[in-house]
Structures are given as C-alpha cells and as structure tokens.
Amino acid sequence: MAEAGAEPRSPRLTALVVASALFMQNVDQTVIATALPAMAASFGSDVLRLSLALTAYMLSLAVFIPASGWVADRFGAREVFRSAIIVFCLGSALSGLSTSLPLLVAGRVIQGVGGALMVPVGRLVLLRTVPKQKLVDAMAWLTVPALIGPIVGPPLGGLIVTHASWRWVFFLNLPMGALGLGLVSRLIPPGRPSVRRSLDGLGLALSGLGLAGLIFGSELVSRPVFGRGVGLAILGVGLASCALYVRHALKVPRPIIDLRLLSVPSFGLSVHAGSLFRIGVGAVPFLLPTMLQVGFGMSAAEAGLVTFSASVGALVMKPAAGPLIRRFGFRALLIWNGVVSVATLAACALFRHDTPWWAMHAVLVAGGFFRSLQFTAFNTIAFADIREHRMADATGFYSTMQQVSLTLGVVTAAAVLEVSMGAAGHAAPDASDFAAGFLAVSAVMALSVPVLARLPRDAGAVLAGRR
C-alpha cells in the first residue's frame, strides 16, 4: 500500500526539504577528512589510526543501506526519515563529545546508521509524494547535495579547524538536523506503513558482510597500510559473501536486495551505467583538492575556491534539467551528455600549476553542470517503470549501488595514483600522476555510454512529457 496523506504544497519544496537532510550527510562525509590531523593531535594519536572514523562510517552505511527499503515499508517512509535525522544527529553529538578513539568510532557508526536510512528513504519520500510528471524537476533539486556537499566539505573543514575546534565539525550537524526535522514534520505529508513482510535476516547479513568486505578490502589494497595480504583476504571474504548472497537472493521471494529488479530495463540499465559513471564522479572530491594542494602548492583556502566552481555549475543546471530532458528525451540526453561529462573530467588531466585560473574555472563549471544533469536523469529514469509496491526495494537497491560506486571511485583514483608514482619513482605525486588518475577514472566513466545506448528510445517518455 502506498503511503497516504495530503498532497504536498510544492514538488520543488518537497525536494528541497529532503535535500537539506541529504546535504548535511554529504558535507559530513568529506568535512571530517580535513579535520583528521587536529583530531589526532587532540587524542594523542596519529592520522592513520583516526582514519578508522572514516572507515567505520562507510562500513555502517554498507551494512544498513540494504535494510532501508524494508524499514520504510514496515514503519512508513516519513517517520523513518525523521528518525534517521535524529539518529544521525545523536551520532554527531557523540562524535563531537568523544574523548577517545573508541567513542569517536562508536559515534561514527551511529551516524552511519542514520545516514544509511536518510538517503534511500529520503528519495522514497520524494517518489511517493511527487506526481510523476513533476518528478524530473524535483529530482533536479535532490541531486544538489550529492554534488555540492563533497566540494564544500574540505574548505569548510579547513575553516572550522583553523578558527574553532574540530568538534564543531560534528556540532554543526545539530542545528542543521533540527531545521531539517522541523521542515519534514511540517511540510511532508504523513503516511501509513505498507503491507508487512518479514525481514530477510540472512540476506542482510550476507549483503552487509559482502559490501563491507568489498569497500574495506579495496581500500586496504589500494592503500596497503597493513600489507596487501590483509586487504586481499578481506576483499576475498567480501567477494565470497556477495556470491553467497546472489545465490540466496534468487531463491527467496523478497530478498533484502532484490536482484530481479535489474530485469526492469530502465532500472537495470540505470544501475549498470550509473555505477560506472559514479566511479568517475566519486574520484573528483579526492583527486581535485589533492592535486591543487599537493601537486600545485595551493593553500586549502585557494583550492576550496577553485573546487567550488563545480558547485556553481551544478546549481546553474537545475532550471535547465526539465526543459532539456523534455526536449531531447532521456536516452539521447544521457548518451550525449555522458560523452560531454567524460570530456570535461578528462580535461582536468591537462591542468598544470601555470594553467590560467579562468581555464580551470571554465572546465570545472562545465563539468559540474553536465555531471549534475546526468545525475538528475539517472535518478529519475531509474524509477520510471518501478511499480508502487516495489518502490521501497528499488530505492534501497539503488542507494546501495550508489554508495558502493562512489566509494570505489576514491579507491580507484588512489590506486592509480600509487601505481603512477611507483612507475615514475616519485616520492610525492606530481601533475603527471594526477593526470593518470583523471584519465583512468574518465575511462571508467566512458564505459557507461555504450550501456546507455541499450535504453529504449521511448524510455521515461511519461516523465519527460513526451509521446
């Protein structure tokens, strides 16, 4: 049963309310990386050990995102979304008040539980409250935090650590969360839980172990802190668990991640192509600021001003998304916009320390525009042919793949950077190493275009307002 309630006041307003909570999560994921040195000094530890706080959050996301669809169906999407904001803020408060590494890790795990529910359930709230003919415009606003958050996060973290305590990295989430909670309670119509179904406990355990093993193992392999053997062993456990999960999922009627949804062409192709595309996008928040600071010698503030250009492009795109999709249709737009997105990302490989500032800004503004447009199209067409009673399953599946592919983008970029440095004998990465990283992730992103060519020509015609 779909959630019932009054018609929301405005699809755009509904999207912005949901996006405000997602923005808080996306900023948090990146702002902490800048604060790690200050946090390590406060705990009398080192940055390497403090990286456990980052890993704990990612692993918590990987384990709990698959359960989001079942939880939303069981308790109601709006109610779960509000609860997710509260849990995320509780984890933020604990992290900010922590006096030891174990307490910090515990706080980050709690934040991860809240974050795992916020993203897919927030998208589900939007899908269930916005009419399909208005979904393109609503999704255009929902993609803002995914693109702006990772770019705003590093310079914001630098400002906080420089002029205040690192604890405010977490405390800032509290007023943002309170605002989001109030807006959700006031502007999102209440709903009722759908038909109850039993939780696929074995599937949740296997998928959680598999995704955690893939993410953590890949990170250790690309950054051999504990030796590549440990990373390969964890990666092997993850792959084996994923294989067992696939076998399990094909035998039960409603698995925690239903692989049968991939048989819906618009959804399956969006998952496959979108995952390849997001690997390239996920690498940008890691490669670009690191190149500007380590490779070109910019300060954190200078690098922040440059990287913010991509956010400007993303914001400029929002009013254009609906008209462009209605003019060209999903298939044509995704293919050609995908080609341009690859070109703008690969162009970053041409950056050098003496590249004119206007050229960098032009490339980054264009890249932010076209990548944001691609995200909007992906996030809308994926659910075009999903039936109402399967919407919760689809959002959980889609969000799981989204998180994994963005994480793999960072892992891929880090691995290419290390290989390039080793081949060239560089003690520290230079412009050529970063160029190799940008070209590698651009090549992965380019693989999404042939997949998109398999979309039916009339895919999403109703959403685009076309015959």
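A residue is classed as buried when its relative accessible area is under 20%. In the present model, which is predicted, R78 has a relative accessibility of 9% and therefore counts as buried. Its salt-bridge partner is E79, with the closest N and O atoms 3.6 Å apart. E79, at 22% relative accessibility, counts as partly exposed.

A search of the whole structure finds five salt bridges. Among them is the pair formed by the side chains of R260 and D258, at 3.3 Å from N to O. R260 is partly exposed, with a relative accessible area of 35%, whereas D258 is buried at 3%. The side chain of D258 also meets that of R390 in a salt bridge, with an N to O distance of 2.5 Å. R390 is located in the loop between α15 and α16, and D258 in the loop between α11 and α12, so this pair ties together parts 132 residues apart in sequence. R390 counts as buried, at 16% relative accessibility. Through shared partners, salt bridges join R254, D258, R260, R390 and D393 into one network.

Helix α4 (residues 77-97) contains L90, which is exposed with a relative accessible area of 56%. Together with I86 and I110, L90 makes a nonpolar surface patch of about 260 Å². The axes of α4 and helix α5 (residues 101-129) lie 7 Å apart, and the two helices pack at an angle of about 155 degrees. Because this angle is over 145 degrees, the arrangement counts as roughly antiparallel. The crossing of α4 past α5 is left-handed.

In helix α17 (residues 431-446), L439 is partly exposed, with a relative accessible area of 48%. The C-alpha atoms of L439 and A346 are separated by 5.5 Å, although these residues are 93 residues apart along the chain.

Definitions and conventions:
Residues numbered from 1 in each chain as written. Predicted model: local features only at pLDDT ≥ 70, side-chain atom pairs only at ≥ 80, totals over all residues. Heavy atoms only, no water. Patch = residues over 30% accessible without salt bridge, like charges linked within 9 Å, V, L, I, M, F, W, Y side chains within 5 Å. Areas by Shrake-Rupley, 256 points an atom, 1.4 Å probe, with all protein chains shown as cover. Salt bridge = Lys/Arg side-chain N within 4 Å of Asp/Glu carboxyl O. Helix = DSSP H or I, 4+ residues; strand = E, 2+ residues; numbered from the N terminus. Buried < 20%, exposed > 50% of the residue type's maximum accessible area, 1.4 Å probe, protein only. Axes fitted to C-alpha atoms, helices over the stretch in contact; angles between N-to-C directions. Parallel < 35°, antiparallel > 145°, perpendicular 65-115°, else oblique. Left-handed = near helix turned anticlockwise from the far one by under 90°.
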